[in-house]
Amino acid sequence: MHRRNPFKPTAGARPPLLIGRGEIRQDFAESVENGPGSPGLLSIFSGPRGIGKTVMLGEVEDEAISHGWIVVSETATPGLIARIDAAVQTAALEFGENPSGRRVTGLTLEPVGIETTAPEVKDRHWRRPLTELVAVLDRHGTGLLISVDEIHAIDRSELAEIAAVVQHLIREDLPIGLVMAGLPKAVEDLLNEGVSTFLRRAERYNLHRASTQEVADAFRETFADSEVPISDQHVQELAEATGGYPFLIQLVGYHVWSQSKRGDGCVTDESMQAGITRAHRRMGATVLQSAYKSLSDIDQSYLLAMAEDDGPSSTAAVAKRLGVSPVYGGQYRLRLLAAGVIEATGRGYVDFAVPTFREFLRNSPAYGVSLLPGGNDSAS
């Protein structure tokens, strides 16, 4: 029987194993079971690109659905409120128990199934049908989860409105959940802008890379389940090649598994090296190239200056290489932190948030070419 590659190196795709995230899903499950006001029902996931924020939202959504909850899953692109409104209105028509909504004549949980009769639809603000819907779900022992991805790009007024409506329902002791995800520095700035004091009380999960041991254990189990033999030494080497970065875990696993199946059906030195090389090349052509090209020339030069170091870079040293003051260099640092490209590793030190970025930059034609201030700095 042909076995499919168990790894999923596509943005947002669900991996075969949830490495190092099981406790977060368990926290959310307990919050659903404990009901309105439980901490996990208001959560924000943050972390650099490719760290698994979208996957984590998917896990939480699945957990809500397994408890019979309705899920409205969205991304913070223009028209967010209108789309949530439409989803709520549609669900309210199915589950409402009021003159302007459909009447529930039968309900089955896990998943929710409804038999309804439909009256005429009338326009109204989304808070009202949402409140009526959640009240009905509450009476049937279930609830509603709103999930919003990439909130670093959200319109501030829309975020304030969503927060106000959800806060109102929580005060009414109704089963409502709001989970969001975004880049760390941008999320931090968003919450510090005073858009909603309520959101500052959300559970904050700053997603980090998995440990080498967690990755090794996951590789060992996944390769064994797919009947591709792999030695403990190769497992350890593969784990180290990922840097614990979730998207790279999937890339490395996918290409090493594929190379091994093409060969002797087991992981060898040759298939492992070929797979890692392909994974790193793919990482550069997708995630890294896209992230790099989206930056201004000056921000790119900051990364190139960082690439001269073999580990964390001193922000003072990077500013000196660029020929700018530490204060001026700090402006570039803040933008790159907000973009999720770099991360602070200590006072006065930063490093690349994504593994292999240093290697990618060192192999680029621009490496070694200094871009001085005054270039095309569209972000300033």
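Is serine 226 buried or exposed? Serine 226 is buried, because its relative accessible area is 5% and the buried class covers values under 20%. That value, like the others here, comes from a predicted model.

**The chain overall**

Let's zoom out for a moment. The chain has 14 helices and 10 strands. Of its 380 residues, 49% are buried. If you look at contacts between residues at least 6 apart in sequence, 74% of them join residues at least 24 apart.

**Two serines in loops**

Back to serine 226, which sits in the loop between α7 (212–225) and α8 (232–242). A polar atom of its side chain lies 3.1 Å from the backbone oxygen of phenylalanine 223. Setting aside residues up to four places away in sequence, serine 226 touches Arg3, Pro6 and Trp257.

Serine 296 is another loop residue, placed between α10 (269–293) and α11. Serine 296 is buried, with a relative accessible area of 5%. Here the side chain has a polar atom 3.2 Å from the backbone nitrogen of aspartate 299.

**The nonpolar cores**

Phenylalanine 223 turns up again in the largest nonpolar core, where Phe45, Phe219, Phe223, Leu238, Leu303, Phe357 and Leu361 have the most contacts inside the core. This core has 69 residues. Helix α9 (residues 246–262) gives the largest share of the core, seven residues. Apart from this core lies another one of 37 residues, including Ala91, Trp126, Leu144 and Ala202.

For a local look at the packing, take leucine 238. Not counting residues up to four places away in sequence, leucine 238 touches Phe219, Phe223, Ile230, Val252, Val256, Met272 and Ile276.

**A buried tryptophan**

Tryptophan 69 is found in the loop between α2 (53–66) and β2 (70–75). Tryptophan 69 is buried, at a relative accessible area of 6%. Beyond its neighbours up to four places away, tryptophan 69 touches Val32, Leu41, Ala64, Thr142, Gly143, Leu144, Leu145, Pro175, Ile176 and Gly177.

| Pair | Apart in sequence | C-alpha to C-alpha distance |
|---|---|---|
| Proline 312 and tyrosine 349 | 37 residues | 6.1 Å |
| Tryptophan 69 and leucine 145 | 76 residues | 6.9 Å |
| Arginine 281 and phenylalanine 360 | 79 residues | 8.5 Å |

Proline 312 belongs to the loop between α11 (297–306) and β8 (313–314). At 44% relative accessibility, proline 312 is partly exposed. Leaving out neighbours within four places in sequence, proline 312 is in contact with Thr345, Tyr349, Val350, Asp351 and Arg358. So the tyrosine 349 of the table is also a contact of proline 312, as contact means heavy atoms within 4.5 Å.

Arginine 281 is part of helix α10. Why does arginine 281 count as exposed? Its relative accessible area is 54%, and exposed means over 50%, so arginine 281 falls in that class.

**The second largest pocket**

At least two lining residues come from each of α6 (184–192), β7 (203–206) and β9 (342–346). By class, the lining of this pocket has eight nonpolar, three polar and five charged residues.

**Two positive phi values**

Last, a couple of backbone angles to check in your viewer. Glutamate 150 has a phi near 55°, a positive value in a residue other than glycine. Glutamate 150 lies in the loop between β5 (144–149) and α5 (156–171). With 37% relative accessibility, glutamate 150 counts as partly exposed.

Aspartate 173 is not a glycine either, and its phi is positive at about 60°. Where is aspartate 173 found? Aspartate 173 is in the loop between α5 and β6 (176–182).

Key. Residues numbered from 1 in each chain as written. Predicted model: local features only at pLDDT ≥ 70, side-chain atom pairs only at ≥ 80, totals over all residues. Heavy atoms only, no water. Helix = DSSP H or I, 4+ residues; strand = E, 2+ residues; numbered from the N terminus. Buried < 20%, exposed > 50% of the residue type's maximum accessible area, 1.4 Å probe, protein only. Nonpolar A, V, L, I, M, F, W, Y, C, P; charged D, E, K, R; others polar. Polar contact = N/O pair within 3.5 Å; in protein donor to acceptor, adjacent residues only side chain to side chain. Core = buried A, V, L, I, M, F, W, Y, C linked by side-chain atoms within 4.5 Å.
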